Each structure stands twice: as C-alpha cells, then as structure tokens.
Amino acid sequence: MTETSSTAPGDPRAPLAVRLRGIGKRFPGVIANDDVNIDVRRGTIHAVVGENGAGKSTLMKILYGVQPPDSGTIEIDGSQVKLSSPADAIKAGVGMVFQHFMLADNLTVLENVVLGAEKQHGIGRKARAEVRRISDAYGLGVDPDVLVEELGVGARQRVEILKVLYRGARTIILDEPTAVLVPQEVDELFGNLRELKKEGLAVLFISHKLDEVLSVADEITVIRRGTTVRTVVPADVTSRQLAELMVGSELPSPGISEKATSTRVQLAVTGLSLHDAAGRALLDDVTFQIRRGEILGIAGVEGNGQAELVEAIMGMRPGATGSIVLTDQDLAPMSTLRRREAGIGYIPEDRQRHGLLLDSPLWENRVLGHQSRPPSASGRLIKRGAARADTQRIIDAYDVRTPGTDVPARALSGGNQQKLIVGREMSGDPILLIAAHPTRGVDVGAQAAIWNHIREARAEGLSVLLISADLDELIGLSDRIEVVLRGRLVGEFDPSDVTPEQLGSAMTGAGSAA
Amino acid sequence: MSVVTDPVAPTPAPASSRGRRLRPAYWWLLGIGGFIALLSLLERVTGADDLTSAGTVGATLIATMPIMLAALGGLWAERAGVVNIGLEGMMILGTFGAGFFAFTYGPWIGVAGSVALGMVGGLVHALATVVFGVDHIISGVAINIIALGAVQYLASLTFSGVEGGGPTQSPKIGDVPTISFPALGDRLGEIEDTNWFFVSELAAIARALVTNLSVLVLISLALVVLTYVVLWRTAFGLRLRACGESPAAAESLGVAVMRYKFVAVLISGGLAGLAGGFLAMVASSNYREGQTGGRGYIGLAAMIFGNWRPGGLLAGSGLFGYTETLGLRQGGTSVRALLLLVSLLAIAFAIWQVRRSNFTTATVVFIIGAAVGAVYLSIDQVPGDFTRMTPYVITLLVLAFASQRLRMPAADGQVYRKGSAG
Amino acid sequence: MTRVLRALLGLLAPLLALVAAFAITSLVLISAGDPVGEVWAEILQVPETRNLANIVNQACVLYLSGLAVAVAFRMNLFNIGVDGQYRIAAFVGAVVAGEAWLPGYLNTALAIVCAMAVGALWAGIAGVLRATRGVSEVISTIMLNFISTSVVAYLLREAAVREEGSNTIGTKEIPEGSRIGSIPLAAADSGPGVEVYGFVVLAILAGVTYWFVMSRTRFGFDLRATGQSTTAAVASGINVRRMTILTMMLSGAVAGLVGLPILFGEAYSYGSTFQSGLGFAGIAIALLGRNNPVGIALAALLFAFLEEQSNPLQILVGVSPEIVAITQGVIVLTVVISYEVVRRFLTRREQSRVARAERPAEPAEPAGPAETQDQETRA
C-alpha cells in the first residue's frame with residue numbers, strides 16, 4: 001500500500017512491545033531454543049527468519065503460551081509475564097495466527113471469531129457489529145455471516161487476524177503466513193499488516209522467504225540453530241547476506257560437476273492438464289522432457305501446482321489429461337503400481353503421511369511400493385527374509401541409524417526416515433526419480449548424504465524430477481530449472497547463470513521468462 | 001468413525017453454492033402442511049383411511065418420542081465430536097431406571113431415575129472416549145454389551161419374587177400425568193368425521209394432541225426446542241459445537257475441550273436414558289427385557305437423516321415413528337398406500353434430476369420409483385417385516401444418494417488429545 | 001531380545017485388562033450384595049467334560065465371528081455387521097443344504113460356499129457404499145443388520161416348513177448325509193453329547209488361512225498397509241477403493257461361516273430361534289485377541305468358558321448369569337486402554353534405543369506430532 005507510513009525502522013523512541021531475554025527450550029535430545037533475545041517495538045513489523053527447524057515455531061509457541069520456556073524472561077509492554085496457556089497470552093494482549101489455520105469450517109465467521117471470547121460482546125448482534133467495525137477499521141473485508149468453508153485461503157487468514165484483533169491483541173504473531181498464499185494474496189496481506197502497524201500494533205512475522213521479509217519488515221532477527229544470531233534493518237542487508245546469516249558459514253553446497261550429456265529422452269510430458277471440482281486449472285498444458293542422466297528442477301511458490309504435477313505423473317490424480325511417456329511406455333492408462341513397476345521411484349513431500357507405515361517395522365516399509373517386485377515379493381507372496389536382508393542393505397548403504405530392521409519406522413528421526421525412503425525408492429533400478437522436497441526437515445548431515453545419492457544415481461543415468469522450495473538446492477542440483485506459476489510452466493532457467501533473485505521474481509510472475 | 005469419509009480424495013472440494021442453513025420457519029409449516037395434504041389425498045385415492053386418524057396420530061406421537069429423544073442424545077454427543085453408538089445401551093439402562101425407581105418411588109422419580117441411569121452409561125462412554133481416548137465405536141459397542149448384561153442382572157436381582165415382576169420384567173408402574181380436554185376433543189372428533197379434505201386431517205392431529213397427552217411428550221418436545229436454543233443460541237452451545245467441528249481451534253482459544261465433550265456425552269446419556277424411560281412409562285407400563293428393540297440405533301439413524309439438526313431429527317423421528325405405527329395398525333394396507341406415494345415422489349424426483357442433467361441419479365431413482373410402483377400394484381398388503389426395516393432402508397438410501405448434502409460435525413468421532421493445538 | 005520383550009508385553013496387556021475386568025465385576029457383585037467368592041469359585045472351577053465340549057463348540061462359533069471382525073479391523077474398517085451377515089448367510093446355507101440338490105458332502109460344500117458368498121455380498125453392500133459414496137461402514141452395517149433381520153424373518157416365513165406340534169418354524173432339515181459329524185473329545189468315559197463340532201477343524205483351517213493371507217501374501221500386505229495409512233497406501237500404488245470392497249467382502253465371507261457349525265452340527269435347520277448376537281461378541285473377541293489368529297482363539301475360548309461356567313449360577317448361588325456380560329463388556333474397554341498404554345511404552349522405548357544408535361548424528365525430532373497421528377487406538 002502506501003510507502004510513506006514506514007517510519008524510521010527500529011525507531012528507538014517507540015516503546016518495546018515484546019522483550020525476550022535468554023529464552024531456552026529443550027525437548028528430549030533436542031535444543032529447540034537457546035539464549036534467544038528479541039526486542040519488538042510498538043508500531044513495527046518485526047520479522048524472525050531462519051531455516052526450517054531453526055526453532056522459530058517453538059519460540060512463537062512459547063510467546064503464545066502453548067509451551068512454557070525452560071529458561072529466560074518474557075516482557076510484554078514493559079511488564080514481565082508468565083505465559084502458561086494461550087489464555088494468558090491473550091490476556092497479555094498477544095495473539096497468534098497459526099500456520100495451519102485454527103478455524104472450524106462449518107461455523108460462520110462470526111462464530112469462529114467470538115468463540116472463547118463470548119464474554120466481550122456476546123454471540124449475537126453486538127458481536128456482529130464489533131466484527132464489522134474491526135473489519136472496516138483495518139480493511140479486512142470480512143463478512144461475519146458466511147461459513148468459513150466458503151472462504152478462500154486469503155480470506156481465512158484475514159479471519160484469523162480478525163480473531164486476534166477481536167480479543168484486543170496489541171501484539172500479533174504470524175507463523176509463516178505466506179506459505180499458503182498466492183502472490184496477490186501476499187500483497188493484500190502485507191497491505192493489511194501495514195494497516196495494523198499504523199494503528200500502533202506490533203507484528204511478529206515468521207518466515208524463511210527472504211524477499212518477502214525484506215519488503216515488509218522494519219526489523220529482522222535471524223535465528224540459526226535455535227539461537228538469535230543478529231538483528232538487522234532491511235536497508236542495510238541484501239538477501240544474499242541474510243541467507244548467509246541464516247545458514248551460517250558451513251552452507252553445504254549441493255553443486256554438481258558436469259552437465260548431462262545424453263540426448264535420450266526418458267520422460268516426456270505433453271499437454272498435461274488437471275482441473276479441480278470447480279473447474280479451476282490446477283495444471284494447465286504442462287509440457288517438458290527429462291533426458292537420461294538429467295535433473296530437472298521445478299521452482300515455484302508452494303501451491304502453484306507442484307503437488308498436482310507429481311501426483312498426476314504418479315497416477316494418483318484421476319482426471320488428468322495429456323500424455324506422459326516414460327522411455328517408450330505410455331503411462332496414461334497405467335495405475336500407480338504399474339507406473340512404479342515401469343521404473344518410477346517416488347520420494348513424497350510428506351514422508352510421514354505418504355511415505356511410511358509408521359507403526360510397521362522398517363522391513364515392511366521396505367516392501368511398501370515394491371510389494372509386487374523382487375526382492376521383497378515373488379508372485380502373490382511377500383518374501384520376508386529377502387525383504388529383511390534388502391532392508392539391511394539399505395541401512396548400510398544409506399547410513400540409516402537404527403538398531404535393526406524390526407524397529408517401527410515411527411521411532412526413527414526424520415533424517416533417518418528420509419534416508420530409508422530414498423534408499424527404498426532407489427531400489428529396483430528406477431529410470432525416473434520424482435523427488436518432492438527430498439531434504440525438507442532433515443538435518444544437515446542427512447541432507448548432504450541425500451544429495452550425494454541423487455548425484456551418484458544421476459551419473460548412472462537416472463532422470464530426476466526435483467521439486468523443492470529451497471532455491472539453493474534447486475540451483476545446486478538441477479541441470480535445468482522450470483518455473484511453475486498457477487499450474488503453468490512459465491520459464492526455463494540454466495542453473496549455472498541464474499540467481500535466487502531471478503528465480504524468485506519468475507516464481508511470483510514479476511519477471512519475464514529468460 | 002465418520003459417517004461420510006472419502007478414503008482417497010486428495011483435497012475436499014468445498015461445496016460452495018449451498019443455500020443458507022437457517023430455513024425460515026414457514027418452510028417447516030409449508031412442508032408439514034404439504035405432507036398432511038399428500039396423506040389426505042392418498043387416503044382418498046387408496047381408501048387406506050387409517051393413515052391420518054386421530055388414533056394413528058396419537059400412536060405416532062408415542063412411537064416418535066423415544067426415537068426422537070435418542071436422536072437428541074446422539075445430537076448432543078456428536079455435536080461435541082463424540083460418536084455415540086452406545087445410545088441403545090443407555091436407553092436400556094433408562095428402561096430399567098424407570099422400572100425400578102417408578103415402581104419404588106413413583107412416576108416422577110422414575111423419570112429422574114431413567115435419566116440418571118442413562119447418564120451412568122454416558123459417564124462410562126465419556127470416561128472411555130474423552131479421558132482414555134478409546135475409539136468411540138469400540139466404547140459404544142462395549143457399553144451396549146455391558147448395559148444389556150447389567151440390566152438383566154439388576155432386573156433379576158430386584159424384580160424376582162416381587163408381585164407382578166420377574167427376572168425379565170418389572171411390576172406395573174404408574175404413568176406421569178396426562179392432559180385431556182374432552183370437550184375440545186369431542187368437537188374436533190366431529191370435524192374429523194366430516195371427512196373434509198385436509199381439514200379433517202388437521203382436526204385429527206389436533207384431537208390427538210388434546211386427548212390423553214402425556215406430560216412427558218410435552219417435556220420431550222420442549223427438550224428439542226431447548227436443545228436448539230442452548231446449542232445454537234448460547235455461548236455454551238457455541239463452544240460445545242466448536243469442540244465437534246475443530247477441537248484444536250477451540251483449544252487454541254482457551255476452550256476447555258475435554259470438559260465440554262465430557263458434559264455433552266453425559267447429557268447425551270441422560271437423554272437416551274429418558275428415551276428408555278419413556279418407553280417403559282408412557283409407551284408401555286412396565287420395564288420389560290428387550291423393550292428398546294434397537295430404537296437407539298433408529299435414533300442414530302433419525303439423527304443422520306436429520307443432518308445433525310434438531311428440526312431435521314424431529315422430522316426423521318416422526319417419519320420413522322409413523323412407519324412403525326402404521327406397521328402396527330392395519331399395517332399392510334396403510335403401508336401399501338404409502339408405497340404409491342413413495343413411487344410417485346421418486347419418479348417426480350427423477351424427472352427433476354433429469355432436468356438438472358443428473359442422469360445417473362435420475363435413472364437409479366426412477367428405477368426405484370418404478371419398482372416400488374410395481375410392488376404397489378402387485379400386492380394387497382405389505383408384510384410387517386418390510387415395514388419394520390423401512391427406517392434402516394431409508395437411512396441407507398439417504399446416505400448413499402444424499403451424502404453430499406449431509407454435514408456432520410467435522411471432527412466427529414476423532415479421538416482428541418489435549419495439547420494438540422498449535 | 002526386543003521380540004521377546006514385545007511378546008511378553010503383548011501378554012501383559014490382555015492380562016491387565018482381565019484383572020481390571022474381574023475387579024470391576026467383583027465391585028458390582030459386592031455393591032449388589034451378592035456372594036463374590038462363591039460366584040468366582042463357581043465360574044473358575046475346572047470344567048467337566050460335558051461343559052468342556054460346550055465350551056469348545058461355542059468357542060468355535062465365536063472364533064469365526066472374531067476372525068470376520070479381525071479381517072476388517074486389519075484394514076481399519078469396522079464391521080459391526082457380522083451379526084446380520086452370519087444370520088442371512090446361515091439362512092441361505094440352511095435352505096441350500098435343506099434342498100439337497102447335490103448328494104452327501106457335495107451338498108455340504110455347496111451350502112458352505114453359498115453361505116460365504118451371501119455373507120460376502122451382504123457385507124459388500126457396505127464396502128461399495130464406503131468405497132464409492134464415502135458412507136461410513138459403521139452406520140451402513142448397523143442398518144444392514146436390522147434389514148437382514150427383517151429379510152430373514154420374511155424369507156423364513158415364505159420358505160418355512162412348520163414342524164408338527166410346535167409353533168417354531170424353520171427351514172427344511174439337512175439330510176443326514178450332509179451333516180458334519182462330531183469329533184469325540186479325548187475323554188475316556190465320554191457319554192452321549194460329549195463331542196465337539198466337526199466344524200472345529202474348518203475353523204482352525206480358517207485361522208491358518210487368515211494368518212497366511214495376512215502375513216505372507218501381497219494381498220494381506222496391501223490390506224494392512226491400507227489400514228495403517230490410506231495416504232501411504234495410495235502413494236505405494238494400492239487401489240484403496242478396490243481393497244475396501246474386497247476386504248469387506250472377505251470379512252463378510254468369513255462371517256458367513258459363523259452360523260454353520262451350529263447349522264451342520266446341531267440344529268440341522270435354520271429356525272426362528274437360531275442363535276443371534278454372535279457378531280457383537282466377535283468384536284470383543286477380535287479386540288481382546290489383537291487380531292492375531294492365536295490370540296483370537298484364546299479370547300474365544302475365554303468368552304465361551306465364561307458363558308458356559310456362569311450358566312448354573314442362578315441355580316447354585318442365586319446370581320443372574322448375565323453378570324459375565326458385564327465382565328465381557330468391561331474387557332473390551334480395558335483391553336483397548338491397556339494395549340494403548342503398552343504401545344506407548346514400547347514406542348518410547350524404541351525411540352530411546354534408536355536415539356542411542358544414532359548418537360553421533362543429530363538426535364530424534366521431538367516425537368510429539370507423530371504420537372497424535374490418527375487411527376491409533378483401534379485394535
């Protein structure tokens with residue numbers, strides 16, 4: 001919206017809304033937060049950035065009273081508080097907009113807003129008037145009487161913000177608010193945030209998307225490995241410097257050495273389209289090819305069709321039209337299982353939901369997706385001995401840290417679960433590997449290992465479709481990058497001469513295709 | 001358990017263009033009036049003149065109440081997100097509670113006793129599902145087993161050797177007072193006898209309402225209204241419903257989810273118990289083993305039929321109570337007459353579906369309609385067995401063909417653990 | 001070592017549940033003023049040979065019911081409809097066997113196949129509704145139970161032959177040559193009636209088949225995988241809709257066997273007094289036996305034991321035998337709770353073991369979110 005309103009960032013005259021000193025939080029075996037210090041001034045947007053797993057979310061839960069800190073002090077508007085439940089935080093004037101919306105679909109906006117705060121204005125006419133008033137005051141444009149299920153993502157987020165304001169919050173935490181938004185909605189959200197700032201609220205904005213942070217925040221605090229590294233002002237830093245602060249010095253490089261040489265096309269996707277129930281295009285005429293020994297990276301803001309693309313190629317999405325040809329087999333009429341048998345390995349985006357049977361032993365997880373193929377099966381029977389032996393092979397080759405093959409998958413850490421999945425999907429000599437966010441939420445060691453395995457397999461001729469939100473990973477690993485925006489491929493880039501900034505603007509539709 | 005789940009659909013498509021939920025009251029009046037008119041017409045076409053007699057209406061009222069109370073019990077629990085298959089068991093407890101307490105202390109204590117014993121069932125269900133996180137269906141099944149055994153055991157303990165009682169039944173127990181306006185009833189009876197289209201039917205209904213009307217019927221009907229007011233018009237109700245729609249959201253806003261669920265299941269048990277008490281005291285005059293006859297499940301069906309709304313479940317219970325009554329009174333002829341209605345309605349619906357180019361549904365519904373019509377023409381009487389299974393068949397059909405229009409609480413049947421917010 | 005511990009803990013859970021159930025039952029007895037000691041003494045004495053035969057016979061029936069429920073449980077489906085399925089299946093089996101289109105045991109085999117087919121089709125309705133219309137199998141099978149009651153009652157009246165001098169009606173009697181003979185129990189002084197159903201052999205066979213299919217075949221793997229996580233099953237290439245229908249049908253087919261031991265070994269016809277309510281006991285038994293073929297057998301024997309031993313309670317100590325229904329129902333609740341407690345203990349233990357194994361690397365993620373995943377308490 002208006003740029004004039006942004007006063008001198010970090011204006012030292014503005015009073016402190018939040019002051020965190022020495023916050024620490026441990027979980028069994030993990031230090032989530034350690035000596036976190038943050039000052040948030042009233043009337044500013046303060047961003048907290050850090051990689052996945054850096055401890056941002058834990059910190060915000062502490063500030064919202066969901067989890068108590070083990071050490072440190074919290075001051076809100078100058079007085080020290082102890083927050084042992086969200087109710088305490090609300091009372092202290094802190095509100096939170098969760099990344100996964102906390103809304104009941106089958107209740108109206110009004111009902112969602114007044115829930116838990118019925119004492120303020122009741123649940124009837126007075127409350128409705130108050131909702132309208134707040135909505136108008138901050139330009140939220142929320143109708144109190146529609147069902148939440150009828151709202152889009154952006155509108156739901158505004159309802160969440162309204163919920164917080166209705167409770168009289170003076171400090172608002174937004175946890176990764178842009179993760180689910182399309183670019184226009186992000187702009188609207190930022191407009192709303194500036195509106196809040198103007199009214200004297202303090203906004204804490206959690207993100208790992210640097211461009212957004214730089215465009216909206218007045219101050220930025222960087223968190224790395226659970227602790228605050230530095231607080232900077234956007235004018236003083238570039239997004240590259242910020243990235244370096246975020247990952248520290250030991251940024252593992254996913255770089256590859258030589259270019260793919262083969263000209264043989266292994267996957268040819270032509271005119272792939274998919275529509276949702278309302279007729280909106282999720283995928284719109286997507287066409288690309290992957291050659292033997294080539295890694296094709298797909299860049300895009302989440303929710304622009306990446307998940308649908310993967311599921312369409314895997315045959316998990318009925319209704320997709322267009323042709324998908326793997327070497328010379330037409331995949332279109334094949335079931336998911338047949339496609340796997342034809343030589344597709346699949347590292348799913350959400351390993352716990354799509355990749356594993358959490359309560360089954362590792363060897364049964366080895367069989368999953370391979371239940372029709374040797375070594376784990378012959379004919380209609382499962383070969384338990386062979387499956388166990390091959391699981392042990394994966395454990396050794398992929399350095400899965402586990403006491404044995406009979407441990408339930410749930411007991412493994414995220415990184416080890418992911419290494420097991422990668423090992424499994426590389427089994428049976430796949431022609432094509434679909435890797436959706438292969439290193440999301442895994443530790444640095446496992447990340448490097450997974451990159452290595454992908455690289456080695458590529459050298460042996462594996463084609464890889466790589467979807468990732470981590471632009472460094474995309475640039476480092478891919479031979480070619482396609483940018484997806486609203487279900488369309490909008491530009492192709494050569495990773496050797498593209499910057500994250502260029503990719504970023506293509507992803508939001510701001511730049512022109514190279 | 002969820003009544004409508006799609007195991008594979010990746011993302012649910014929001015049904016956007018559905019109408020507002022709150023239908024104006026006149027829709028209800030119009031619907032009821034239309035139904036009566038249809039029945040009235042049907043009587044004249046088929047000669048099945050017991051369809052709307054005052055006797056039928058009165059008996060329907062009696063048959064409807066237990067189903068409706070059970071459904072109401074189901075509504076309270078499910079609106080808070082707890083599926084209650086144990087309604088049947090809680091009803092059984094209620095029948096015994098009424099039998100025992102009414103026999104010992106008189107009718108009103110009997111009513112209280114049935115509610116109290118139903119609440120004991122609710123307490124077990126609440127402890128198991130809310131506190132210990134047991135699957136709701138498993139707990140419900142267990143309660144049905146326990147309740148049946150417990151009541152048989154207790155009845156044998158308390159009623160054996162008592163005059164008029166025995167291990168399977170209590171002695172005769174008193175009824176709560178009934179209300180009658182004989183003068184008004186007689187006048188209405190005269191109008192009913194005139195056999196004017198629609199008017200005589202209305203008179204029959206009114207006559208049933210002013211003749212020997214049990215106070216418990218009034219209380220039951222009041223409970224439906226009370227349920228609506230509490231659940232949809234108070235902060236308590238909003239919180240309770242939020243627990244069934246999105247417990248995580250409710251908890252993130254400081255609602256004590258566990259406490260609301262617990263209370264809801266207790267109330268659910270109490271209502272189911274009252275349903276049992278009604279059976280023992282009003283629909284009959286003592287506790288008898290097997291008295292519930294699966295009405296707890298019919299109540300569940302009525303609640304689903306009614307789309308988890310008080311008005312809807314009232315309509316569902318009324319429909320099921322009506323078919324039950326017809327089955328008992330000159331069943332064959334009356335139900336046969338209804339077949340004609342069903343057949344015509346189905347065919348009309350099919351035509352409507354064709355106009356909306358919904359050809360699969362139209363074909364299926366048309367075939368059903370035609371088949372029902374053929375049955376109507378080919379038989380003189382509907383066997384009682386088929387009358388008895390009508391509620392269940394209707395519920396299955398509703399689930400199969402209208403499941404998109406049903407809207408159960410979103411978190412219904414899910415075990416919720418504290419601290420899942422955020 | 002872990003496997004031994006797992007097995008031990010696996011035994012501990014049902015034991016815990018039994019103790020709790022007995023304690024609660026005792027409390028009920030005490031508060032009602034009944035003689036607790038005498039009741040338990042009567043129930044827990046060593047059964048006589050005659051009772052033993054009854055126990056085995058009843059357990060055979062309960063076992064099949066438990067297996068039928070367990071098939072569906074393994075896929076996280078709740079087949080509450082075993083009750084309706086077995087009754088309609090037993091009725092059809094009785095009609096087919098009574099008509100005796102084929103001679104001798106061929107007739108028996110045909111009747112068994114028909115019964116299984118009918119059970120499968122009846123359960124298949126719920127499967128199809130679930131797979132294509134998303135209707136919960138819990139609700140649909142409850143409705144189907146009542147519908148089958150009415151359908152069977154109607155058909156029975158149509159197909160009935162009235163026995164002379166009795167007002168019970170039933171299907172035609174199965175000819176002698178098609179009945180399944182009894183197996184004499186290994187007691188020396190066996191008098192008349194001290195024999196168990198020949199169908200026990202078929203029940204054991206069903207148990208072995210169940211074990212083999214579930215743990216050794218691809219079908220069983222697909223079924224269990226779908227039960228654990230539909231999303232992972234879809235991603236691995238399993239056709240979930242097809243599996244849903246097949247599993248319900250398989251469960252129904254096994255349910256079709258439930259009434260047959262009685263039919264071929266004792267009643268020889270299906271009448272209005274044919275035993276009902278076996279399906280609900282099956283749910284309890286499958287839960288107690290943890291869907292394990294041996295566990296289900298033990299659970300079935302226990303339930304049959306309790307029922308048989310409590311029969312004379314009314315005469316001997318003046319207590320209604322229905323008291324064991326309370327015990328059985330409470331077992332269902334306590335067994336679920338105690339299995340859950342043990343499961344959590346094991347998971348925590350495995351996690352710390354794994355944490356030790358991966359010591360040099362980063363420690364495990366906090367297990368919080370994984371713990372609250374869905375579908376964990378059933379079975």
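The model is predicted: local features need pLDDT of at least 70, side-chain atom pairs count only at pLDDT 80 or more, and totals for chains, interfaces and linings use all residues. Residues are numbered from 1 along each chain as its sequence is written, while chains are lettered from A and ligands numbered from 1 in the order in which they are written.

**Sheet in chain A**

Chain A holds an open sheet of 6 strands with mixed pairing, in the order β6-β7-β8-β3-β9-β10. Helices (H or I, at least four residues) and strands (E, at least two) are DSSP runs, numbered from the N terminus. Two strands pair if DSSP finds at least two bridges between them. β6 (94–97) and β10 (227–232) of chain A are the edge strands; each has a single partner strand, so one side of each lacks a neighbour in the sheet. On average, neighbouring strands are turned by 20° against each other, direction ignored.

Strand β9 (residues 219–224) of chain A runs antiparallel to β10(A), and 5 bridges join them. Ile223(A) stands opposite Thr228(A). Val222(A) stands opposite Arg230(A). The two strands, β9(A) and β10(A), form a hairpin with 2 residues between them. In its turn, Arg225(A) has a positive phi of about 50°.

Angles run from 0 to 180 degrees between N-to-C directions; axes are lines fitted to C-alpha atoms, for helices over the stretch in contact. Contact means that the C-beta atoms of two residues, placed from the backbone, lie within 7 Å.

| Helix of chain A | Strands touched | Angle |
|---|---|---|
| α1 (residues 56–63) | β3, β6, β7, β8 and β9 of chain A | about 150° with β7(A) |
| α6 (residues 153–166) | β6 and β7 of chain A | about 165° with β6(A) |

Between chains B and C, 47 residues of chain B are in contact with 42 residues of chain C. α5 (136–159), α12 (295–305) and α16 of chain B each give two or more residues to the chain B side. α5(B) gives the most, with 14 residues. This side has 31 nonpolar, 11 polar and 5 charged residues.

**Helix pair in chain B**

Helix α13 (residues 310–328) of chain B packs with helix α16 (residues 384–402) of chain B at about 170°, with axes 8 Å apart. That makes α13(B) roughly antiparallel to α16(B) (angles over 145 degrees count as such). The contact has 3 nonpolar, 5 polar and 1 charged residues. Among those from α13(B) are Phe320(B) and Leu326(B), and α16(B) contributes residues including Arg388(B) and Pro391(B).

**Core and chain C**

The largest nonpolar core has 402 residues, and Ile434(A) and Val332(C) have the most contacts inside it. Such a core is a set of buried Ala, Val, Leu, Ile, Met, Phe, Trp, Tyr and Cys residues joined through C-beta atoms within 7 Å. A residue is buried if 20 or more other C-beta atoms lie within 10 Å of its own. Beyond its neighbours within four places in sequence, Ile434(A) is in contact with residues including Val310(A), Met314(A), Tyr346(A) and Leu465(A).

Chain C has 16 helices and 4 strands. Of its 379 residues, 53% are buried.

Key
Parallel < 35°, antiparallel > 145°, perpendicular 65-115°, else oblique. Nonpolar A, V, L, I, M, F, W, Y, C, P; charged D, E, K, R; others polar. Buried ≥ 20, exposed ≤ 12 C-beta atoms within 10 Å, placed from the backbone.
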